[in-house]
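I opened the model to look up some helix packing and a pocket. My notes follow in the order I took them.

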Amino acid sequence: MYNDVCKKVEMKEFEMRTLLSLSVAVLAGLLMTRVAKPLKLPSVTAYLVAGVLIGPYCLGLLGIEGLGFPTQESVDSLSLISEVALGFIAFSIGSEFRVSELKHTGKQAFVIGVLQALAATFLVDIALIVIALLTNGRLSIAQAITLGAIATATAPAATLMVVRQYKAKGPLVDLLLPIVALDDAVGLIVFAVSFGIAKALNTGFDVISIVVDPLIEIVCSLALGALGGWVLTQLEKLFNSNTNRLNMTIAFVFLTSALAMAEFKIGPVTIGFSSLLTCMMLGTLFCNLCPLSGEIMEKSDRWTSPLFAAFFVISGAGLDLGVFKDGMIVLIGVVYILTRSLGKYLGAHYSAKLMKCEPQICKYLGITLLPQAGVALGMCGTARQLGAEGDLIRNITLFAILIYELVGPLLTKMALQAAGEIHPMDEAVRNRRQHKLEQANAEKK
């Protein structure tokens, strides 16, 4: 009896600390956005910085459970939040693949999206493998090729935010939007293959681990997501209320994320799923089959806003600042940033020329593809399966994300302005509306 009471008390204390940590994470992220707003920084940067501030290397040093994250274990205790958030991020990415919108730019978007992603992977792989060979084990080949795969990912949210905020219009924007969606799809496939090779380097070479398992994971993930998207569309027809349809959609993202965690063996072959690929395919089928998907996705985005805030804050809290005391690790991070940026720009530039795109697209498209956030975080989260090597990959990726999210959206805005797709009049109208809104809020107070 006494042991049962103790267990209940411990469980209650754990639940209280978890809820307190989650609420503090969201509040810290929201408050940091107020600091970032005058600096015109994106919200995701504010969330990541807030996570660092309440993480083990800042506020967490006080050792107060619930008011910060004293240890990495306390950060990991909220890993389920991250898993759910990644499912919704992938679902949103999939919803960008609308066949009706891809008819006009589909071929160009596909070729450019694939080539620029592979160019980034190739340059990062080459640069980091050279470093791995020269540094005597400070960076392994497995880590180098995993980081090369992560380099493919672009942050659709950051790019779309700039486009919508400044009401950018033109051929560059028309091509950019499907590319940022396709970019992450290509990245997820490249990551599945590269990570399979990375794991094989640590456990030994065999064809099944390097080729068969990754291919099965990709095929099974797409099949499961497609089946889920079709079933979801059929069930949506049973409801007349958009609220119920939204509830059904959210339930299916939860269900798909849960099923994607399954893993089992058939002889020497491992049958597994990628949560990101599965949920992306769920979103793709749903948005193309359900006529009301646009309205439901808009409502879903509002529902997931605090979830994404918590996800990015938790990710920032997981940043091991101690790693960056080592000059070699900082060097690796800088090399990753520079080579990825070069790969994105050159890949987009020459593939756009190959597809005979307009000069402003060839010149500025690559710059708009630099932001990196959610999907890359999901990839480096998966990379933690490598143990200590995975932790290093995560920290280098988070370091790069902080830099990219600081300058990426600003560079995107500048590129769209230079391409003539953000007009001064549009920005003036936006500023007047913002001024009127601030005046109305002041009068209410």
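This is a predicted model: local features need pLDDT of at least 70, side-chain atom pairs count only at pLDDT 80 or more; totals for chains, interfaces and linings use all residues.

I looked up the second largest pocket and found a volume of about 1,100 Å³. It is lined by 45 residues, and those closest to its centre are Phe195, Phe273, Gly381, Thr382 and Gln385. I then sorted the lining of the second largest pocket by class and got 20 nonpolar, 15 polar and 10 charged residues. Helix H8 (residues 171-203) gives the most to this lining, with eight residues.

Entry on H4 and H12. I took helix H4 (residues 79-94) against helix H12 (residues 293-317): the angle is about 135°, and the axes are 9 Å apart. That makes H4 oblique to H12. I recorded their crossing as left-handed. On the H4 side the contact includes Ile81, Phe88 and Phe91, and on the H12 side it includes Trp303, Leu307 and Phe311. By class, I have 14 nonpolar, four polar and one charged residue in the contact of H4 with H12.

Entry on H4 and H10. For H4 and helix H10 (residues 242-259) I have an angle of about 115°, with the axes 9 Å apart. H4 and H10 are therefore roughly perpendicular. The crossing of H4 and H10 is right-handed. Val84, Gly87, Phe88 and Phe91 of H4 meet Thr249, Ile250, Val253, Phe254 and Ser257 of H10. I sorted this contact into six nonpolar, three polar and no charged residues.

How values were computed
Residues are numbered from 1 along each chain as its sequence is written. Side-chain values use heavy atoms; hydrogens and water are left out. Axes are lines fitted to C-alpha atoms, for helices over the stretch in contact, and angles run from 0 to 180 degrees between N-to-C directions. Helices (H or I, at least four residues) and strands (E, at least two) are DSSP runs, numbered from the N terminus. Angles under 35 degrees count as roughly parallel, over 145 as roughly antiparallel, 65 to 115 as roughly perpendicular and the rest as oblique. A crossing is left-handed if the near helix is turned anticlockwise from the far one by less than a right angle, and right-handed if clockwise. Contact means heavy atoms within 4.5 Å. Ala, Val, Leu, Ile, Met, Phe, Trp, Tyr, Cys and Pro count as nonpolar, Asp, Glu, Lys and Arg as charged, and the others, Gly among them, as polar. On a 1 Å grid over the protein atoms alone, a cavity is a set of points where a 1.4 Å probe fits but cannot get out, and a pocket is an open set with protein on both sides within 12 Å along at least five of seven lines; lining residues have an atom within 4 Å of a point. Grid points are joined across faces, edges and corners, and a volume is the space filled by probe spheres set on the points.
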